[in-house]
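Biologist: I have a structure open and want a quick tour. Can you walk me through it?
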Amino acid sequence: MVTDLKSILNTWHAQKDTQEWVLATLYKIEGSSYRKLGAMMLISSLGQRLGMLSGGCLEADIQRHAKQVMGTLTSKTISYDATDEDDLTFQLGIGCGGIVHILLQPIHKNNEYLQLDHVFKALSDTKPGQYSQQVTPVLPQGSGVFTQNDEQHDLSMNRKAKLVEINHATWLQTSIYPPPHLLIVGGGADAIPVYALAKQLGWSVSVWDTRAANAKREYFKNADAILRCSPSELKTYCEKHKVDAVILMAHSVELDASVLAQFVSLPFKYIGLLGPAHRREQVLQHANTTIKNVHAPVFGPVGLNLGGDSPESIALSLISEIHAVLSNKNAQSLSNWGQEVC
């Protein structure tokens, strides 16, 4: 199951003309909801469900409504009320206790695929933009308008959506950002769970290691790139492919330092150095630099204090820290801040 928009659209794009499709979008929330405003799900005539709009309790019923939309080629809105004893959501005893409103739109050539192909191309080209859908009055054929932003994308992973009134119509406007791009320096065994967790989140992942025994494609099958270039060429790659975060875990002070020396001026959101504090200082010394001279924030030792010392636990700790930094969050327990958790 993948829920990030780029992965969803990647699967859909290859089959967009071989099946009938419906786009389901969460356009309004009252109270609590499992997913946030602007969450999307694609449903096919062969029963494929790409993405989720709830914790799994509503998808089958959403699919039933989607089949009606396929048959009529007419958009519709549906609602689920977990506060109403007569509502399906309440009867299932599942949900976050709020009311969610969902827009269902047919996708086909005659309505320009709701411009989802433009969204997919932009995400593939690491370009951000804004996706707009008219909610009310409901347009029978559906509407989707994508406007690309050619400026450097916001590194925050928070997809922001809002309802706006334009010419007596209500539109949902959703900010679309490319997935984060993580560079792993070092392709040893402990890099595999880091790569796997990042890919599961839908991130782009590149792995660099000049040692022939490391970074083998068989262990990083879905990595976006396996790199063995020089550190200076790696710098160029990061600039061209808009790398957001870097983790230095080559288990070689010389290799980590050779890369860090090239990265001093690059505007990453995160640079992490695996290992204890004294090793971090060794890497900085070999790179002939200091933390103050590095443009990006440097983290080392890396990771959140989650406990555990296995490669998988370290990967979870590390990816969690990067996720929080890219999302501009404090990584504290939500219960400590009086926020609801479903």
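Biologist: How many helices and strands does the chain have?
Modeller: The chain has 9 helices and 15 strands. Keep in mind that this is a predicted model.

Biologist: What radius of gyration does the chain have?
Modeller: The chain has 22 Å. A compact globule of 342 residues would have a radius of gyration near 20 Å, so the value agrees.

Biologist: What box do the C-alpha atoms fill?
Modeller: Roughly 65 × 45 × 40 Å, along the principal axes.

Biologist: What share of the residues is buried?
Modeller: Buried residues account for 51% of the 342 in the chain.

Biologist: And the accessible surface of the chain, what does that come to?
Modeller: About 16600 Å². Carbon and sulfur atoms hold 50% of that surface.

Biologist: Now contacts. Take residues at least 6 apart in sequence: what percentage of their contacts join residues at least 24 apart?
Modeller: That comes to 62%.

Biologist: Switching to charge. How many positive and negative side chains are there?
Modeller: There are 29 positive and 32 negative side chains. The centres of the two sets lie 5 Å apart.

Biologist: How many salt bridges does the structure hold?
Modeller: It holds 7. One of them joins D61 and R64, at 2.8 Å from N to O.

Biologist: Where do D61 and R64 lie?
Modeller: Both are in helix 2, residues 59-72. They sit 3 residues apart, about one turn of the helix.

Biologist: Is D61 buried or exposed?
Modeller: D61 has a relative accessible area of 15%, so it counts as buried. R64 is partly exposed, at 42%.

Biologist: Next one. What does D224 form a salt bridge with?
Modeller: With K199; the closest N and O atoms are 3.0 Å apart. D224 is in the loop between strand 11 (204-208) and strand 12 (225-227), while K199 is in helix 5 (residues 191-200), so the pair ties together parts 25 residues apart in sequence.

Biologist: What is the relative accessible area of D224?
Modeller: D224 has 41%, which means partly exposed. K199 is partly exposed too, with 25%.

Biologist: What relative accessibility does R279 have?
Modeller: R279 has 13%, so it counts as buried. D256 is buried as well, with a relative accessible area of 1%.

Methods: Residues are numbered from 1 along each chain as its sequence is written. This is a predicted model: local features need pLDDT of at least 70, side-chain atom pairs count only at pLDDT 80 or more; totals for chains, interfaces and linings use all residues. Side-chain values use heavy atoms; hydrogens and water are left out. Helices (H or I, at least four residues) and strands (E, at least two) are DSSP runs, numbered from the N terminus. The radius of gyration is taken over C-alpha atoms; the globule rule is 2.2 Å times the number of residues to the power 0.38. Buried means under 20% relative accessible area, exposed over 50%, partly exposed in between (1.4 Å probe, protein chains only). Contact means heavy atoms within 4.5 Å. Accessible areas come from the Shrake-Rupley method with a 1.4 Å probe; for residues, only the protein chains shown count as cover. Lys and Arg count as positive and Asp and Glu as negative; His and the chain ends are not counted. The place of a charge is taken as NZ of Lys, CZ of Arg, CG of Asp or CD of Glu. A salt bridge is a side-chain nitrogen of Lys or Arg within 4 Å of a carboxyl oxygen of Asp or Glu.
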